[in-house]
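I opened this entry to record what I looked up in the structure.

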Amino acid sequence: MLQRCLIFTLLLIAVGCKRAPVTYERAVNKNFHTRKVGASARDLLTAQHYQSLKIEIQYMTGYAPDEQAVANLTTFLDELVHKPKGIQVVTKEIRPIEDTVLTLDNVIAIENANREVYTDTSELAVYVLYTNGTFEKGTLIGYAYRNTSAVLFGKTIRDNSDKWGRLTRTELETRILQHEFCHMLGLTNVGTPMTAEHMDHDHGKHCKNKHCLMYYKTELINYPAMILKKERPTLDEECLEDLRANGGKKNGYYCVSLKDIVEQQL
Ligand SMILES: [Zn+2]
Ligand SMILES: [Zn+2]
């Protein structure tokens with residue numbers, strides 16, 4: 001199979017030189033997806049090479065993604081990235097695993113065994129895994145671990161949402177999905193260069209603004225709207241400017257209105 005893919009890739013390159021249209025099949029290069037976080041930032045932000053984006057979400061039984069959170073992610077991305085042929089999400093249930101405490105190597109092995117959507121000649125593919133467990137160490141709730149790959153730890157999300165005084169699962173998942181995606185877009189200073197100094201040097205690849213989506217933690221507490229009006233964190237102006245300078249859309253938005261109560265690393 002691998003051999004077939006390689007041969008086909010070579011054939012496409014040869015055909016591409018003659019500018020002949022290639023419509024009958026698409027080339028797949030799995031090695032594209034094994035690079036470090038941020039390596040595909042510009043490909044994600046611009047339409048130079050890829051005019052559309054396909055997000056494959058695989059979830060272990062019982063941990064299906066929150067539909068509204070996924071919709072919030074695509075709305076968010078629509079404002080940031082140039083994908084004139086659209087952003088599509090496909091979801092698929094996969095078998096749960098027995099040992100639910102995962103290392104990063106475990107996560108990569110699960111992706112390698114299950115991922116089905118890969119970048120081809122005109123469409124960029126991103127993989128998001130929802131596991132039935134937790135990360136082996138610390139309080140990590142989500143992790144963008146390669147250029148087009150991120151994991152959300154489903155049990156940690158359930159344990160920390162939809163409870164009295166906590167965020168809804170929709171809200172928490174929205175924040176995690178958006179935050180991890182922004183790592184793949186190259187924030188902060190991992191594939192998308194900073195236009196001004198705003199990196200949190202104690203927690204690499206994060207923004208030092210506690211009110212920014214790219215701060216290294218997110219709060220889990222939900223305050224009654226009567227007491228304090230709260231809004232979802234999004235990118236501050238410095239992070240947005242970085243994305244714009246690396247080819248992102250010019251009309252990104254931002255708002256800041258979060259209190260400094262934080263618990264969970266992203
Ligand atoms: Zn920021
Ligand atoms: Zn992060």
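I began with helix H6, residues 169-184, in this predicted model. Helix H6 lies across S1, S4, S6 and strand S7 (149-153). I noted that H6 runs at about 20 degrees to S6. I then turned to helix H3, residues 67-78, which lies across S1 and S2. The angle of H3 to S2 is about 150 degrees.

Next I looked up the sheet. I found an open sheet of five strands with mixed pairing, in the order S2-S1-S4-S7-S6. Which strands stand at the edges? They are strand S2 (87-94) and strand S6 (142-146). Each has a single partner strand, so one side of each has no neighbour in the sheet. On average, neighbouring strands of this sheet are turned by 20 degrees against each other, direction ignored.

I then examined one pair of strands. Strand S1, residues 52-60, pairs with S4 in the parallel sense, and I recorded eight bridges for this pair. For lysine 54, I found that the bridge partner in S4 is alanine 125.

My last entry concerns aspartate 120, which lies in the loop between helix H4 (104-114) and strand S4 (123-131).

Technical notes. Residues numbered from 1 in each chain as written. Chains lettered and ligands numbered in written order. Predicted model: local features only at pLDDT ≥ 70, side-chain atom pairs only at ≥ 80, totals over all residues. Heavy atoms only, no water. Helix = DSSP H or I, 4+ residues; strand = E, 2+ residues; numbered from the N terminus. Pairing = 2+ DSSP bridges. Axes fitted to C-alpha atoms, helices over the stretch in contact; angles between N-to-C directions. Contact = heavy atoms within 4.5 Å.
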